[in-house]
Amino acid sequence: MSTIPLRVLIAGGGIGGLCLAQGLRRAGVDVAVFERAPTAAGFREGYRLHISPEGSRALHTCLPEKLFTAVEATSGRPPRAMSFLTERLGELLSVEVLPEDVEPDPVAAHRSVNRYTLRRILLDGLDDIVHFGKECVGYRQHGDAAVTVHFADGSTAEGDMLIGAEGGHSAVRVQLLPHAERIETGMVSVGGRLPLNAETRRLLPRHLNRGPASVLGPRGFSLFIATHQAVIADAYRHLAPPDAGDSVVWGFTGPRGGMPPAGRSGEELRHLVLERLQGWDPRLRSLVEHSDPEAIDAINIRTAVPVEAWSPSNVTVMGDAIHSMPPSLGVGANIALRDAEVLTQKLSAVHRGDLRLVHAIGEYEAQMRQYGFDAVRASNRALKQSATTGTLAFAATKAALRIMNALPPVKKLVFQ
Ligand SMILES: Cc1cc2nc3c(=O)[nH]c(=O)nc-3n(C[C@H](O)[C@H](O)[C@H](O)COP(=O)(O)OP(=O)(O)OC[C@H]3O[C@@H](n4cnc5c(N)ncnc54)[C@H](O)[C@@H]3O)c2cc1C
């Protein structure tokens with residue numbers, strides 16, 4: 001069967017956009033990525049990212065074998081359990097993700113990866129495809145067969161279709177779906193990290209040996225803690241960030257009114273968090289005290305508002321550009337990877353001549369709206385639940401978690 005030449009333009013070279021570029025290149029589709037950052041060296045975030053079996057499967061579908069092997073080789077120890085604790089480190093619920101004696105499925109595993117490392121892997125082999133210093137400011141469609149994308153530097157690029165993958169502030173979404181809202185949740189998260197060594201290991205609740213933990217404290221405050229422990233072979237060491245090493249990451253979340261973070265330095269943010277950790281287990285306070293203030297940062301948590309179906313065209317959106325969500329469940333990047341997987345499959349079918357372009361985009365958008373906005377709703381529910389801490393509703397949630405913890409079959413069902 002003859003192939004149909006198709007030129008795909010992607011605005012935004014983040015996790016979703018780069019994974020899609022890898023998948024399309026692998027399928028023989030002509031693709032170009034336009035990234036706002038001036039160079040690849042701009043990507044220095046060293047934070048841990050949880051990759052779910054779904055995200056891992058998407059990476060497996062899109063990446064050439066050698067790059068998927070690099071993801072495997074640089075992943076941290078797989079999480080075995082997820083725990084919910086009180087601020088005095090009492091166990092509310094601990095759910096097994098993977099029994100100790102079971103090896104993770106190499107394709108569909110829960111993984112702990114370093115963002116910087118993942119970005120380096122996703123960029124591998126795309127030198128001639130990714131154009132840096134290109135901030136997309138809008139586009140012009142020429143029917144359903146061609147599109148011109150415009151950049152802040154006055155330049156343009158032409159293609160058959162455009163995908164907005166520029167994260168929460170997507171210019172493509174604003175033009176394509178001006179009614180799609182992204183709103184404040186009223187919650188703030190302050191994040192930090194510290195090296196994992198003999199001294200800091202002593203500070204970790206024992207539950208952290210098996211996987212991440214969420215500490216649900218009073219007055220709507222919660223603390224997420226996870227470790228990233230990776231044994232990286234020499235062949236892959238160049239992919240690790242310059243300050244690489246095992247680390248502990250934490251995120252302290254609470255109502256913005258109780259924790260206004262605007263314009264504060266890392267040191268001030270640390271102080272702000274420590275004030276709110278009064279009365280919590282001293283080991284939790286020490287974790288924050290031991291964190292490098294340079295690596296402490298705050299974000300206002302925002303969320304997309306699910307939108308009704310729209311008419312498909314040769315311009316679409318993926319990842320945080322359309323379904324940004326609170327980080328409460330740690331799934332945003334996984335859903336962006338799933339978008340990349342579905343788009344790779346649909347656009348490969350167009351390239352093979354099996355599907356018409358606008359039909360393929362319509363099929364992708366219908367699927368994406370379903371799983372993407374489901375994830376937005378679930379993440380918002382989880383955020384709201386942690387925000388009720390200290391209230392009567394939270395006392396009931398705590399009691400329910402404890403009951404579940406005592407009933408292993410119920411626990412398994414809830415986790416699934
Ligand atoms: C604290 C925190 C922890 C998180 N932890 C997890 C986790 O453990 N697991 C998980 O699955 N998700 C997690 N997430 C969510 C995850 O980071 C995002 O959902 C994910 O990065 C979205 O990928 P993306 O490709 O859509 O956007 P991004 O990765 O944000 O990429 C967007 C890219 O577009 C570029 N860009 C921006 N504007 C323009 C423009 N106008 N033109 C061109 N380029 C542009 C940016 O420079 C960037 O490179 C977390 C989020 C936060 C805030």
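Two strands pair if DSSP finds at least two bridges between them. Strands (E, at least two residues) and helices (H or I, at least four) are DSSP runs, numbered from the N terminus. The model is predicted: local features need pLDDT of at least 70, side-chain atom pairs count only at pLDDT 80 or more, and totals for chains, interfaces and linings use all residues. Residues are numbered from 1 along each chain as its sequence is written, and side-chain values use heavy atoms, without hydrogens and water.

**Sheet**

Five strands form an open sheet, ordered β7-β2-β1-β11-β17, with parallel pairing. β7 and β17 each have a single partner strand, so one side of each lacks a neighbour in the sheet. On average, neighbouring strands are turned by 20° against each other, direction ignored. Axes are lines fitted to C-alpha atoms, for helices over the stretch in contact; angles run from 0 to 180 degrees between N-to-C directions.

β11 and β17 run parallel, joined by 3 bridges. Gly-164 has Val-317 of β17 as its bridge partner. Helix α11 packs on the sheet and touches β11 and β17 (contact: heavy atoms within 4.5 Å). Its direction makes about 20° with that of β17.

| Element | Residues |
|---|---|
| β7 | 130–132 |
| β11 | 161–164 |
| β17 | 315–317 |
| α11 | 357–387 |

**Cavity**

On a 1 Å grid over the protein atoms alone, a cavity is a set of points where a 1.4 Å probe fits but cannot get out; lining residues have an atom within 4 Å of a point. Grid points are joined across faces, edges and corners, and a volume is the space filled by probe spheres set on the points. The structure holds 1 cavity of 30 Å³ or more. The largest cavity has a volume of about 40 Å³. Its lining includes Arg-173, Glu-181, Asp-320 and Phe-373. Helix α9 (residues 320–323) gives the largest share, 3 residues.

Note on methods: 1 Å grid on protein atoms, 1.4 Å probe; cavity = no way out; pocket = protein on both sides within 12 Å on 5 of 7 lines; lining within 4 Å.
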